[in-house]
Amino acid sequence: MLTKEIGCNVVEAAERRIYETFQKNKTVSMSFSGGKDSICMADMVIRTMQKFGISFSRLIVIFFDEEAIYPDVEEIVKEW
C-alpha cells in the first residue's frame, strides 16, 4: 500500500480541500441527506466558510425528498 505523509490530521485536510474547492469555483454544490455523514460534512463546510470569510451565497445545498424519509430526518434537514 502506498501512503503519503501530509503533515496534518483528517479535519485539517478536509478544511484544506473545502477551502481549495471554493478558491477554484464561483459556487459550490453540496448534496445533503440529513444523515450523520451529511451533517458532519455540512458542519465542516460551514465552519470553513466562516473561518475564511466565504460568502454563504456561494454555497448551493441540494436535498432530494425521496418520499420515504423519516419525519425526524425531515426535521433535521429543515433545521440545517
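Trainee: What should I know before we start?

Mentor: This is a predicted model, where local features need pLDDT of at least 70, side-chain atom pairs count only at pLDDT 80 or more, and totals for chains, interfaces and linings use all residues. Residues are numbered from 1 along each chain as its sequence is written, and side-chain values use heavy atoms, with hydrogens and water left out.

Trainee: Okay. Why is T48 called buried?

Mentor: Buried means under 20% relative accessible area, exposed means over 50%, and partly exposed is in between (1.4 Å probe, protein chains only). T48 has a relative accessible area of 0%, so T48 is buried. T48 sits in helix α2; helices are DSSP runs of H or I with at least four residues, strands are E runs of at least two, and both are numbered from the N terminus.

Trainee: Which residues does T48 touch?

Mentor: Contact means heavy atoms within 4.5 Å. Not counting residues up to four places away in sequence, T48 touches E15, I18, Y19 and I54.

Trainee: And S38, what makes that one buried?

Mentor: Its relative accessible area is 13%, so S38 is buried. S38 is also in helix α2, and S38 touches S31, F32 and S33, again leaving out residues up to four places away.

Trainee: What makes a group of residues a nonpolar core?

Mentor: The members are buried Ala, Val, Leu, Ile, Met, Phe, Trp, Tyr and Cys residues joined through side-chain atoms within 4.5 Å. The largest nonpolar core here has 12 residues: I18, F22, V28, M30, F32, A42, M44, V45, M49, I54, L59 and V77. At least two core residues come from each of α1 (10-24), β1 (28-31) and α2 (36-52), and α2 gives the largest share, 4 residues. In general, nonpolar side chains in soluble globular proteins tend to be buried together.

Trainee: What is V77 in contact with?

Mentor: Leaving aside its neighbours within four places in sequence, V77 is in contact with F32, S33, G34 and F63.

Trainee: Is I76 buried, exposed or partly exposed, and how do you know?

Mentor: At 29% relative accessible area, I76 is partly exposed. I76 lies in helix α3 and is in contact with G34 and I39, leaving aside neighbours within four places. I76 and G35 are 41 residues apart in sequence, with their C-alpha atoms 8.7 Å apart in space.

Trainee: Why is F64 called exposed?

Mentor: F64 has a relative accessible area of 60%, so the label is exposed. F64 is in the loop between β2 (59-62) and α3 (71-79). Together with I60 and I62, F64 makes a nonpolar surface patch of about 280 Å². A patch takes residues with over 30% relative accessible area and no salt bridge, joining nonpolar side chains (Val, Leu, Ile, Met, Phe, Trp, Tyr) within 5 Å and like charges within 9 Å. Accessible areas come from the Shrake-Rupley method with a 1.4 Å probe, and for residues only the protein chains shown count as cover.

Trainee: How do you know that K51 and E15 form a salt bridge?

Mentor: A salt bridge needs a side-chain nitrogen of Lys or Arg within 4 Å of a carboxyl oxygen of Asp or Glu. For K51 and E15 the closest N and O atoms are 2.9 Å apart, and the pair forms a salt bridge. K51 lies in helix α2 and E15 in helix α1, so this pair ties together parts that are 36 residues apart in sequence.

Trainee: How many salt bridges are there by this rule?

Mentor: The count comes to 3. R47 and D43 meet at 2.8 Å, N to O, and being 4 residues apart in helix α2, they are separated by about one helical turn. E75 and K78 meet at 3.9 Å, N to O; these two are 3 residues apart in helix α3, also about one helical turn.
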